[in-house]
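Student: I would like a close look at one part of this model. Please take one chain and walk me through how it is put together and what it touches.

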Amino acid sequence: MPNSQTIAVAMSGGVDSSTVAAMLCQQGYPVVGLTLQLWNQRRLAGHNGMPESSHGRCCSIDDVYDARRVAETLGIPYYVVSQEKRFEQDVVRPFVAEYLSGRTPIPCSLCNNHLKFDQLLITARQIGADLLATGHYARNEFDEARGRWILKRPADRSKDQTYFLFGLTQEQLSRTLFPLGEMRKPDVREEAKRAGLRLFEKPDSQEICFIPGGDYKQFLDAYLEEQGEEIPDTAGELVTTTGEVIGKHAGIHNFTVGQRKGLGVATGSPLYVIEIRGDKRQVVVGSGEHLLSRTLRATRVNWVAIADLREPMRIQAKIRHRHEPASATIENSGNDAVTVTFNDPQRAITPGQAVVFYDGDVVVGGGWIS
Amino acid sequence: MHRVYFDNNATTPLLPEVFEAMRPYFLEKFGNASSIHQQGQHARSAVEQAREHVAELLNCRPAEIVFTSGGTEGDNLALFGLAKPGDHIITSAIEHHAVLNSCHRLGEMGCTVTYLPVDGRGLVDPDDVKRALRPETKLISIMFANNETGVLQAVNEIGKIAAEADIYFHTDAVQAAGKVPIDVKEIACDLLTISAHKFHGPQGTGALFVRKGTLLQPLAYGGRHERSRRAGTENLASIVGLGKAAEIARAGFTDGSVAQLAALRDRLETAVLESIEQVAVNGDGAARTPNTANISFDYIEGEAMVIALDLKGLSVSTGAACSSGAIEPSHVLTAMGLSADRARGSIRFSLGKQNTAEDVEFALDLIPQVVNRLREISPVYKKAAVSPQPSALS
């Protein structure tokens, strides 16, 4: 029986989302390709420290070109939807503000939570598609027992992207398809090759889309210069965990928790950034063991598998993208915040990053480390 | 799927008779118009015949026609060909980017540029042109017909002002050619740009009218083609196509086809205004090209509407084709005083010779459906619908 429900596919120009479009076409769905244009990669070219021309990954002209070629190959309608203004306001601006206040933000989660899914689902509905498919490695399904849509880790654990998807609402999960959830990356490439997509060997992107080289500091300088804003003077003291001043630093945004290089002090044993005190412009340094901590507070929590947290719950918590979830207990502390207590101390818990709670494969929820 | 094309201001389909006229010049009649031998002579004769047709369309001498690669090159040749550092240029805020960005560049190169505003109908006030004149004013460049709204400027009056002040006058007539009669003597312009593919000729070719005695600095250096005003081997087949399209366009003013176009556009506009609430025609109240209807739909995102209509078989656009995908709302509509929201909710329907009454009815069936669906899922529309006093967005 032919499938008649139109599906919008979020196409980035990469192998994963291209393969999703190809697979849904093969299954007989009417497919419409959409690309969000979020950032003009040439915008900061030539500004403070930026090269005259920059080669971005996501949103670059090349990626839109690739996505368009895939759509042509598949014979599906394809459109680029510009959301540059909203991206700057909802993602870039908060990213810059977080960085300047000494935290280490992850813009991809911010983008997924506040822009990408929201906007793509709106656009999908506007063009008559109720469902949106993406190339994320994750699984979602309606769980009868819980009476909720749940988000689960994918079959290919090495590609797990659920850490970036904890902010999805029930409505968003109910209208989203993750066709790669059961697949492994090599199979996806094989599928792309079989579908005749020339980009089946295109390398994966690892970077933050609007900071192609990954140099945050350079981006910050160039962006603020373009905006005609000064980098606020956050120079201050380097102090030890006992409060002893051992040096000066040029600005707190140059540091991130767990950082070892570039501290500008020489001591016998290795020193790490333990904490950044934005209000006092202090960077606290100490030995590796000072980086270990057993608790954290997460704010702006979104629950996925449960409606609310009424009593303490044993979960596994993941505190950064490349972190193996560690056993912990979460406890409601009111105002969309929870306290996370780990069984074993964790290294370099970093404010600004997301913490995501798992019950095995199931994403319970997540929030932002404060 | 049945498809109707209402984006003729972006480009028009090539007329079959134009294609037939071009065909031999791709194959057996392949000569270089500069060559001495027979093939060269045939090519030269074809180019000159085309030049005559274009000259007839504009009411000028054939020698005053310079073939170009299209509207953008024509505008660039006119502006960069005349203006020098220190010169003052008068233009308007609603020009096509081919003029606007050329003026920005000339500004960087040491010219001063005055960008005149337009009123709510999209019209430049000729008195503003007069007031903007300075001793060092070299050139006035004001478009004939706007690409987004079709609004026609008072080029005759502006031409008179320029002539009295002894200043060069260029007009971008890319959207006027084939739609309204053009007479360069009446306009008293020194330079006028047209582009073949806007009136059913081939893409990638156009012409610049250069009044005799107007000395232009060329953009590219090479051979002495086009009387040393535009170097490069003539684009033979396309020039032949341009000539044929010009011949057909000229006939359109007397054979009823332009009148028919106006009737179709009027039917579309009237029926949309009658069947859908909270819509407005942009440029209403000004004289417009007979093929263009630019309509604002409150509570609609133009971009979404273009996609939704495309998926149902109707091709339209949000404004200039080059500004699609850009974030900024149309500079033309905002210059006319539209709010950013209303400008973003504006759709350009532009008809062509090939369109029929059935095409218009197809569109009229589709547009209300799409508008209603988009409004239903718009949170802003719902809010406005339940409020006791619905207010327009602007």
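Tutor: Start where the chains meet. This is a predicted model. Eleven residues of chain B are in contact with 14 residues of chain A. Helix 10 of chain B, residues 302–311, gives the largest share of chain B's side, with six residues. By type, that side of chain B holds eight nonpolar residues, one polar and two charged.

Now look inside chain B. The domain assignment gives two domains. Domain 1 of chain B covers 4–11 and 256–379, and domain 2 of chain B covers 16–252. Their centres, taken over C-alpha atoms, are 27 Å apart. In the contact between them, domain 1 of chain B supplies 28 residues and domain 2 of chain B supplies 26.

Which elements build the domain 1 side? Helix 9 (257–275), strand 10 (292–297) and helix 11 (331–335) of chain B each bring at least two residues. Helix 11 of chain B gives the most, with four residues. This side of domain 1 of chain B counts ten nonpolar, 15 polar and three charged residues.

Three strands of chain B form an open sheet in the order 9-10-12, with antiparallel pairing. Strand 9 (279–281) and strand 12 (346–350) of chain B are the edges, and each pairs on one side only. Direction ignored, neighbouring strands of this sheet are turned by 25° against each other on average. Five bridges join strand 10 of chain B to strand 12 of chain B. One residue pair to find is B:Thr292 and its bridge partner in strand 12, B:Ser350.

Conventions. Residues numbered from 1 in each chain as written. Chains lettered and ligands numbered in written order. Predicted model: local features only at pLDDT ≥ 70, side-chain atom pairs only at ≥ 80, totals over all residues. Contact = placed C-beta atoms within 7 Å. Nonpolar A, V, L, I, M, F, W, Y, C, P; charged D, E, K, R; others polar. Domains from an automatic or database assignment. Pairing = 2+ DSSP bridges. Axes fitted to C-alpha atoms, helices over the stretch in contact; angles between N-to-C directions.
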